[in-house]
Every structure is written in structure tokens, then in C-alpha cells.
Amino acid sequence: MKPFDYRHPADAAAAVRTVAADPDAVYLGGGTNLVDHLKLGVAEPDLVVGVTDLLPAEIEELGGGALRIGAGVSNSELAAHPRVREWFPVLSQALLSGASGQLRNMATTGGNPLQRTRCVYFQDVTTPCNKRTPGSGCSAIGGWTRYHAILGASDQCIAVHPSDMAVAMAALDAQVRVLGPDGERIIPFTDLHRLPGDTPERDTVLEHGELITAIDLPAQTIARRSAYRKVRDRASYAFALVSVAAALDVKDGVIADARIAFGGVAHKPWRAHRAEEALRGAAASDSSYRAAADAELADARPAEGLEGGNAFKIPLLRRTLTATLRDLAREDA
Amino acid sequence: MTFLSDTEAIGRDLPRRDGAAKVLGSATYAFETPLDGAVHLHPVQSTIARGRVTELDTTAAEALDGVLAVLTPGTAERLASTDDRELAALQDEEVGFRGQIVAAVIADSSEVARHAAALVRVGYEQAAHETELRADRDDLYTPESVNPDFPSDTAEGDVDAAMAAAEVTVDETYTTAMYHNNPMEPHATTALWDPDGDGFLTLWDSTQGVHPTRTTIASVFGLDEDRVRVVCPYVGGGFGSKGQPHVHVVLAALAARALPGRPVRLALTRQQMFSLAGHRTPTIQRCRLGADKAGTITALAVDVVERTSRIKEFAEQTGLPARTMYASPNRRTTHRLAALDVPVPSWMRAPGECPGMFGPEVVMDELAERLGMDPIELRIRNEPDVEPGSGKPFSSRNLVGCLREGASRFGWSERDPRPGVRRRGDWLVGTGVASSTYPVNRMAQSTATIRLEGDCYVTEIGAADLGTGTWTTLPQIAADALGVPVSRVEVRIGDTDLPMASVAGGSSGTTTWGSAVVEAARAFRARYGTEPPDGAEATGSVGDPDQKYAKHAYGAQFVEAHVNVDTGEVRVPRLLGVFAAGRIINPRTARSQFIGGMTMGLSMALHEDSVLDPRTGHVVNHDLAEYHITANADVDVVEAHWLTEHDPHVNAMGSKGIGEIGIVGTAAAVSNAVWHACGVRVRDLPVTLDKLLPALE
């Protein structure tokens, strides 16, 4: 581990000034990912700036069924919040499907979306990785791809974003409130993360020094009938092979509206607009769900690799989406 | 040795004597041995799998504040013996596998040592490496023997002719993955070289055997054994990986001798454990069975292909259990090895039996399917009268009893044999069974001393307790052998200052050490009677085993498996094992051993898989987030039961080893249950959803 300085400024604005001024500075939230990276040499900052207790730690009702979640709210608190459970069950379920109780107690709302890929090659400084060291090559391509992308990957990077919470946030049209050196801005959650393209070292659109202060959930009645389905090799404490966050509004056997996002399959939480489009006005039936999945997966490309690669994720995701929507429709009836 | 027939303490459900200290955190483990002025060691590992180091630039590392020394092949002392190339740390520039130690940093703190290790620049001349195990490799060879000293191949009758003549045959190939032991406590050593006189080396080492470790390390350094002491009161799990010292112990001793008088601490990181602490080889098992329509087996063959490292041979005895499990007039077992550029494989819980009861117990299920016969009845039909191969009578063999008792407890009689026809909600439901076995092993040497100190019978033997219960069970044995209450017995273990004890391996600990304790107790009573003076002392040794009998423990594993109809996810809500393992010394620690083994078998069935990337030559999922071990949520009901078994031939206690049998057969039972649930035979472990999805489409 490379030695670093630690600072704890008086408030969020001071933290932003501190980090913005130093290209080798990073924020420390719950530390559930960064601390590992410090030990492994994946992250080698000169300066670590603690911010968790500088950020709002409340969940505020904005009226009409909208919520503002302070960036300092822990994943445990967020999952357990009565309004979240009632209005946005998909978010509560996504949070509870992630990590372990101990990690959820530490992890924060602002930090969770900024956790980095668990690609084994990214986390191993002895193997080339374009995300960790731009231009060094991608070891995952042709390697162990079970936990890698089938959507939106590039020839530079096939990593996936590991967060469960972020998948729910993407489905819920959340808005990210960001504090930067020049003031505050709001980023739609679906625009926060980016695809790897030629610059896989950049996970998000945040500029250096920008700090997430809160995430807003707009009111939407559709979300009250929502669910998160995470498919994984182990019953707990495992990252998703695929996951589906979905909300469904069915009237008289016809789908009025849908919100869908996928996890475990792309460099970002994958909002499935094409699937949503295909579902609107369709009959609430397995064939509609499968057609919606096929519409979204038309461009899916498996990553060949060890132990058969990850082609299985395409049928798995189709089947998982179908099952999730079927259950929601059943619940809706 | 006469059988201990009157028992008061043996068989009692006594709590672990070391339990409170472990829960309270007052039990000290090797790394945390309280010593003043300790320094820290961190290895530098090769990033190529084969070749040689051509350059080692330690300038930046040595320039760091707090760095005391950097050990390299150029600066490290020459070892007296480099016969064991796994242990020949820093003796030359050759690289035999990725992750091999090529240098090491000693520093004031673990953080500085680790940082400095990252600053050591290593240049290589890289050679092409090979790590891929395939049955069609043209460089497979037959080892002289398989672990520890069994013949590589056996043959009786004519398997090919019997297969050709059989009414029903099965010929399938099964594979098990590469596995890592992953004990909770990492491999750790604190080493101190006292330079006074001729010098004296003390190792506080997390080990399954202080005396074997001393013998090995003394030999590597050319020291008399009386100038080396190894101490290890507590072990946070070993599962075989701490059965023999690995290279880190040598490295710690090298560092200590480079800094006389300073204790040196080394704890491997989880990632380092994946290349430096042993592993189980992947196996390829071609299994063939021929039988008549009534289910009598007429041909049985297991041909094993597995891997070892180019620098040191370890030949897992995967074909061993098939040699004695079922009757067959025609039988063949073979082992072929590929020696590749991989870390050195070694012991992992039930080497041989664990992988070697996967293919053979699934192929039995497949034969039962083809015969339209119940898999339990098929096993019972092929029960041998005497041990196949040796022709010896069994000291006791209660496989049939285990199968029947398990069937009754599990509700097997109501089972519909058809696969893929039971659905509960979104889950397909199936059940499966497999047999389990493990030999009764006894090591040749171990000695115990019993001494009366005041009111207390102090029993001393350098034995190990790796969570197995030795701290608790040896007093029970001593108490009954002496005829005193167990509260009057104190044991002292885990130190080479105590009488010599064998390794805790091969489930031999209780048989071996317990026999020595019984001998010591008998010698004590013979010499001093029932009114011994304070300070009275006697010694006893393990003695020779009874060679007239074939001695094995048996078990039956029952599994209920659920397969999700949409996703293919596999969950196992129920495991039930019934074992016949002689007299159970302590039901509490025994139950812990059985259910721990069964859970580890479940883990092998569904989760564990070391993914060795052939391009780099290393295991890429080398942490506990990516190398999945069964977690609490994966385990619902695990039941272990045992039969009352009286076996006067195994040892004075009538006990059989139970540390390993629990893992044997579990994975086969899971695969068989998954087939019964959804109709898919998974012959390649682990049983993951991608292997089931095509059939669900």
C-alpha cells in the first residue's frame, strides 16, 4: 500500500475544494471498496478526504411521493426506510440483495454508485487492464468472462458495474445532485455512468472533485409495484450474473407502462428503454415479456472466454426478465 | 492393545475447552504471538509462470523509511537442503510457477513491507508455460505411486471383456475443479532466531503438526532438531493446507536468521494463499460400470487424469476409493499426471476420497437409472464380503446400515424415481444419495506423557487442534484410560517441547495420539497403581496397528436439491448424513466435524472453482468475493447422525477418524439430486446454472 495523507475538512464545500485542487486526491465514503483498492494497489492516491459525516444523512420527503436521499445515508438505513419500502420496493430489495449486513452498514448512498468493477483483472495489478492503466490492454477479453458484459462493451473493456442499488436507481429515473468547484448540478441517474468506449478508465461523467450530495427519487406510482430479481451463483454475498429491476403497470391485462433496468450485463446499470417500448400496450403475457427481452437483447454480444464464456447470460436475462414481469403482473392483478 | 470398555468421559457431549478463549479473543494465533520488537515480512511474487529472473532492482524499496532488508536470491542465505523445490526459497533465479516468491521485504511495519515489496522491480526472461489439464495431452505420465504410497494402477480380471459382455453399461467422464483450502486464519508464521551459542530458531507457526514442521525446517536449514522449536496452540483451520510447511515458513525463518534477535512476522494475504499454500488438483475421471440386469456389477474402472507441478510431484490418490468400495470381479484403476507450470498441489480435506467419490458415485446413480433400480438397492447389492483387492475382512463395515438409516430418516421410501417431475412453486425438486468412505489411518509415531501434578493428571503430547476438538477429546480419552474424572485431566498440546506427535492429517489424529495417551495411562497405572505420588510420570507410544483387518469408516449422504424453473439457480435446502465411524469420542465436536465436512462438500458441489487463466498461469478469482465458498444462506438444514458401531480392531478407543469423511460423497449426492430435480446430469463440477439452462429452455 502506498502511503497517503488523510484530511477531514469542515464541510462538503471545503472537501470539494480540497479534492478539486489535487489530481491525486480521492473521497472516502464507507470505504467498502476504496480500502480494498488501497491495499491491492489498484488505487494509489496521495490524499484521501473523508466525507461521510459531511454529507446529509437524512431521507427527506419532497412531497407528492418524491424522496431526497442524503449521500451519507447508509445502504442499511435506505433499505429499511418505510417510505422506500412502500413507494420504491425495487430499491429496498436491490439494496438488501447486495453485499452483507456489515458492508451495508458502512456503504453510503453517494458511494455505492461509485464503486468500481469487480473484474478480477482490474483488481489484480499484475494483469493488464485498460480501466486501471489506460492503453495496457484488456485481460478480460478471452479470459474469465462469467461476470462480464454482454451489452455495450468495447474492444477496450468488457467490465460490468457491480452495484445493485444503481440498477434500481436507473429504473426509477433518479436524479443525482452533485457538488462541484463551480457549484451544484443535477445529473439524471441513467447518465451518471458511461459505456467504456475508448476511455474505460472513466466509470462516470463526474469531473474530478465533483461530489454526490444526494439522490432524488421523483414520485411515480408505477414504482409501488416494482421488484428486483438478482440471479447469482451463491444465495448471498455474490455479485449478480444478471439482475432485473422492474416496475409494471397493468390495466385489464394490458401493459400500460413499464420501467426496466438490468444489472451485471454492462459497464453501467442498463436502462432497457427498448424493452419498455415493446411492452407498452402489449398484453401482459410471457410472449410479450420474451419479445421485450429480445428487443433489448438484439445487440447483445457474449464474451467468449474460460469455462464457456458468458453466452448463457443472454437466455438467462431473457428468462429472468420474463419471470420478474410475470410475478409483477400477477401481483398487479 | 486392549479395548477401552469402561467409558465415562468418552462419548460425553463436553464443550470445547478452548471455546471461551477463542470467543473472547484471548487465544493467541501464530501471527499475534506477543513479542517485543517484532518486524514484518512481505513476499514479492513472480508475474510470469515460467522462466528466470534476470534483474531485481531493490533500490526504491530499500530507500523507504522503515525497510530493514530485502531478501533476494543474491542476499538470502544458502539453504542446507533444496531437495524439496517448493521450499527452496530464494535459492536461484528460476521461476516454476506464477506467484513464486522471488524476493521479500523486511520492514518495521506490515504496511511499509507491503509497499516496499510493490516497489521491487523484477525483470524476467520469460519461457512459454503450460497449465491446461486435458485427458488428451501427450505428456501424461504414470507416477511411481500416489499419495501417500499407494500403487498408481491396479487391475483385477478383464474390465474390457466384462464391459463388452455386460447387459448394462455406463461409460462417462466426470471432472472436478481446482480447489483451494482457504482456512479462515491465513498461513502465518512468527520466527525468531536467537544467535546465542550455536543459535536457536523458534517458529510460532499455524500448522497441523509442530513436530513434522520442525523436522522439515531443521532439514532445510541443516539444523539439529533440538535447535528448533515450533509452537502452535491454536489453528484457525487448515483443511490439509497446513499439514506440511509451505515456502512461507522457510521464508520467515530465512528472514529471522537475517535479523538475529528480531521476531519476524509473516501472514500471507488471501491472494498469496492461492499460489503459496497448496491446492487440490483438478481431476478428470473416466468411470465405467458394467452390470447384469439384476444390478450385479461385473466391471468397474476408474481412469484418472490430474495435474501436478513441474517443480514437485503431488499425485492425488483419486482412484483409491473405487478400489475397495463395491464388489466387482473385474476392476481397473489408473492415475496419469501432467506436470505443468502451476503452484504445487497438496493435501486438501480427504485427498483422494473427496474427488474420487464424485465420478464413481454419480456413475452408480447413472447405472441405477439405466437399470430402473433404486440407487440405494444397487449399492447394497454390490456390497463386498471382504475388502476388494486385499481380501482382508473388514474390522467393521456398516455402509448398508448408513444407507438404510439415512433412507428412513430422509423419507426416501416415498421417492418417485422419475427425474424432472416435481415442482414446488418456481422450483423443481429432487433428491439424491451417495455413499461416503474414509480409511482408518494411524501414524507410525506419537508419544504421550502423563504426570501427576497435585490433583491433576497432566497429559502432554505435541498434537494439534485445528478446530477439530483435540483440546477437548484427548482429556476424555486420558480420563477413561486413567479411570479418573475428566475434570482432573489437563492436556498440553501444540509445542515441540512436548512429546513427539504426528501430523493432524488423514483423519489420524485421535487414533494416533489417543492410542499413545492410552498407552501412557496404562504404563502410569502399571507403575504407580491407584495411589501415585505427586510427580509420578509415565510415557506411552502409539504402537502398531492390527494388520489383519481392512479398516474404513462409511457414510451415506442424502440431499434435497431445488432448481429454479426460470433461472436454473440451484439451492440445497437439506443435507442429511449418516455415518458409521466407530465410537464417537465427543458428539459435540464430532457433529461439528461431520456437518463442516458436508458443508464443504456442498461448497464443492455448487460453488468452489479456482479459475486458472492459462494465459497468465494464475488463479484469477483469488479472493473470497470471487472464489465462492458456501455461505450461511446456502445452507438450511444440515443433519449429521451416526450409527452405534463397536469396532475393537481399530484402536483402544474403538474410534475412526471423522475429520474428512463428511466431505466425501456430498458433491455426488448433490449432482444426483439435481438430476432428479431437472433431468440434467452435471458431470463437471461445480453445478452452476449455465449447465442447466439449456434443458430448461
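Helix α3 (residues 110-119) of chain B has four buried residues to start from: Ala113(B), His115(B), Ala116(B) and Ala117(B). Buried means under 20% relative accessible area, exposed means over 50%, and partly exposed lies in between (1.4 Å probe, protein chains only). The cover over the buried residues of α3(B) includes β1 (39-45), α2 (59-63), β3 (67-71) and β5 (101-107) of chain B. Contact means heavy atoms within 4.5 Å, and helices (H or I, at least four residues) and strands (E, at least two) are DSSP runs numbered from the N terminus.

The model is predicted: local features need pLDDT of at least 70, side-chain atom pairs count only at pLDDT 80 or more, and totals for chains, interfaces and linings use all residues. Residues are numbered from 1 along each chain as its sequence is written, chains are lettered from A and ligands numbered from 1 in the order in which they are written, and side-chain values use heavy atoms, with hydrogens and water left out.

**Chain B overall**

- Chain B contains 16 helices and 26 strands.
- The radius of gyration of chain B is 26 Å, which agrees with the value near 26 Å for a compact globule of 697 residues. The radius is taken over C-alpha atoms, and the globule rule is 2.2 Å times the number of residues to the power 0.38.
- The C-alpha trace of chain B spans about 75 × 70 × 50 Å along its principal axes.
- Of the 697 residues in chain B, 64% are buried.
- For contacts in chain B with a separation of 6 or more, 82% are between residues 24 or more positions apart.
- Chain B exposes about 23,700 Å², of which carbon and sulfur atoms supply 48%. Accessible areas come from the Shrake-Rupley method with a 1.4 Å probe, and for residues only the protein chains shown count as cover.
- Chain B carries 64 positive and 93 negative side chains, and the centres of the two sets lie 4 Å apart. Lys and Arg count as positive and Asp and Glu as negative, while His and the chain ends are not counted. Each charge is placed at NZ of Lys, CZ of Arg, CG of Asp or CD of Glu.

**Val559(B)**

- Val559(B) sits in strand β22 (residues 552-564) of chain B.
- Val559(B) has a relative accessible area of 0%, so it counts as buried.
- Leaving out residues up to four places away in sequence, Val559(B) touches a set of residues including Phe410(B), Thr431(B), Val572(B), Leu575(B), Ala669(B) and Val670(B).
- Ala188(B) is 371 residues from Val559(B) in sequence, and their C-alpha atoms are 36 Å apart.

**Backbone exceptions**

- Most residues other than glycine have a negative phi, and most peptide bonds are trans.
- The peptide bond between Asn147(B) and Pro148(B) is cis, with omega about -10 degrees. Pro148(B) belongs to the loop between β6 (121-126) and β7 (154-156) of chain B.
- A cis peptide bond also runs from Leu685(B) to Pro686(B), with omega near -5 degrees. Pro686(B) belongs to the loop between α15 (666-678) and α16 (689-696) of chain B.
- Ala350(B), not a glycine, has a positive phi of about 55 degrees. Ala350(B) lies in the loop between β15 (330-340) and α8 (353-356) of chain B, and Ala350(B) is buried because its relative accessible area is 0%.
- Glu307(A), not a glycine, has a positive phi of about 55 degrees. Glu307(A) lies in the loop between α10 and α11 (313-332) of chain A, and a relative accessible area of 44% makes Glu307(A) partly exposed.

**Chain A overall**

- Chain A has eleven helices and twelve strands.
- The C-alpha trace of chain A spans about 60 × 50 × 35 Å along its principal axes.
- Buried residues account for 59% of the 333 residues of chain A.
- Chain A exposes about 12,500 Å², with 50% supplied by carbon and sulfur atoms.
- Ala291(A) is in helix α10 (residues 286-296) of chain A and is partly exposed, at a relative accessible area of 42%.

**Contact between the chains**

- The contact takes 41 residues from chain A and 40 residues from chain B.
- Met1(A), Arg234(A) and Arg319(A) supply 21% of the area that chain A buries against chain B, more than any other three residues.
- Chains A and B bury about 3,200 Å² between them, 51% of it on carbon and sulfur atoms. Buried area is the accessible area (1.4 Å probe) that two parts lose on being put together, summed over both.
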